[in-house]
Amino acid sequence: MMARLRSLLTATTLAVTLAAAPAQANPLQNWAGRLLEWGQRRPTPSTTSVTGFVPPAGGLPANREGGAARGAVCPFSNQRLTALLPSSNLGLTASARPSLFFYLPPTEGRSVEFLLQDSRGAELYQSTTRINQSGIVRIDLPSNAPELEVGQTYQWYLSVICDPKDRTADLYVQGWVQRVAMPENLQRQLQQAPANERPYIYASAGLWHETLATLFELRQAQPGNTTLQADWIALLRMEGLDKVAQEPLAGRL
């Protein structure tokens with residue numbers, strides 16, 4: 001594992017038993033309200049919000065946008081490597097192995113490394129893939145990755161390896177995901193609802209990763225649907241991701 005990441009892991013290890021702060025001082029709670037508001041863009045049945053969520057007292061240390069490439073080591077692009085995360089840097093999921101989303105700039109066949117850790121900084125899963133595509137990409141945690149535990153928060157890193165001999169030249173983003181308990185009525189609603197309503201049901205429950213995943217799938221299945229495209233753009237802009245909101249969908253890594 002690269003030396004720079006090791007130092008970052010030590011510096012950003014986080015205990016997730018922090019008490020909740022008042023809503024006006026808590027970006028996590030503010031974000032949840034925005035996601036609920038977005039979910040109400042399409043009428044859906046009343047959904048119980050997520051349970052087991054322990055909101056930190058402030059934003060989590062993270063980096064949603066990768067820095068500029070150093071010199072000519074990585075391809076030049078006006079767009080930077082970007083994690084599709086709320087401005088709080090934490091996304092909620094009810095899935096044991098959620099999907100994560102990123103904007104990937106042109107890599108010219110360079111390798112991309114994904115790393116998942118627990119809240120103490122212990123490595124749980126790592127993968128490296130050579131990529132020759134750009135756009136919005138999806139990473140699904142595979143069956144050989146450990147299941148996320150309810151109530152636990154995990155940190156991840158995604159790095160474009162610009163120079164294998166000098167990992168300090170990597171472009172990288174980092175963020176957090178917390179697994180929460182599935183609301184009792186949510187699964188029933190999802191089973192009864194048509195596919196085009198599911199993103200808004202997940203949003204009304206506060207589940208960022210499921211909201212993105214189901215909307216992503218709908219957009220791929222219906223590339224000419226301007227309503228889905230507009231809702232996707234609105235969702236990303238809501239969290240300050242304007243720069244990548246209109247980038248094309250590239251598929252899975």
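Me: Okay, how many aromatic pairs does a search of the whole structure find?
Reply: Five of them turn up in that search. Keep in mind that this is a predicted model.
Me: Let's take phenylalanine 114 and tyrosine 125. Is that pair stacked, tilted or edge-to-face?
Reply: Tilted: the rings of phenylalanine 114 and tyrosine 125 sit 6.4 Å apart centre to centre, with 55° between the planes.
Me: Which parts does that pair tie together?
Reply: Phenylalanine 114 is in strand 4 (residues 111-117) and tyrosine 125 is in strand 5 (residues 123-130), so the pair ties together parts that are 11 residues apart in sequence.
Me: And are phenylalanine 114 and tyrosine 125 buried or exposed?
Reply: Both phenylalanine 114 and tyrosine 125 are buried.
Me: What about tyrosine 157 and tyrosine 172, how do their rings sit?
Reply: That aromatic pair is tilted as well, at 6.5 Å centre to centre and 35° between the planes. Tyrosine 157 belongs to strand 7 (residues 153-161) and tyrosine 172 to strand 8 (residues 171-179), so here the parts tied together are 15 residues apart in sequence.
Me: Why does tyrosine 172 count as buried?
Reply: Because its relative accessibility is 15%, and buried means under 20%. Tyrosine 157 counts as buried too, at 1% relative accessibility.
Me: Which residues do ring pairs link into a cluster?
Reply: Phe101, Phe216 and Trp232.
Me: Switching topic: why is helix 4 largely enclosed by the rest of the structure?
Reply: Helix 4 covers residues 198-205, and seven of its eight residues are buried, so the rest of the structure largely encloses it.
Me: Which ones are buried in helix 4?
Reply: The buried residues are Pro199, Tyr200, Ile201, Tyr202, Ala203, Ser204 and Ala205.
Me: What comes just after helix 4?
Reply: Glycine 206, which takes a positive phi of about 90°.
Me: How do the axes of helix 4 and helix 5 cross?
Reply: They cross at roughly 170° and come within 8 Å, with helix 5 spanning residues 208-221. That angle makes helix 4 roughly antiparallel to helix 5.
Me: Which residues meet there?
Reply: From helix 4, Arg198, Pro199, Tyr200, Tyr202 and Ala203 meet Glu210, Thr211, Thr214, Leu215 and Leu218 of helix 5.
Me: How do the residues of that contact divide into nonpolar, polar and charged?
Reply: Between helix 4 and helix 5, six are nonpolar, two are polar and two are charged.

Methods. Residues numbered from 1 in each chain as written. Predicted model: local features only at pLDDT ≥ 70, side-chain atom pairs only at ≥ 80, totals over all residues. Heavy atoms only, no water. Buried < 20%, exposed > 50% of the residue type's maximum accessible area, 1.4 Å probe, protein only. Helix = DSSP H or I, 4+ residues; strand = E, 2+ residues; numbered from the N terminus. Phe/Tyr/Trp six-rings, centres within 6.5 Å; stacked < 30°, edge-to-face > 60°. Axes fitted to C-alpha atoms, helices over the stretch in contact; angles between N-to-C directions. Parallel < 35°, antiparallel > 145°, perpendicular 65-115°, else oblique. Contact = heavy atoms within 4.5 Å. Nonpolar A, V, L, I, M, F, W, Y, C, P; charged D, E, K, R; others polar.
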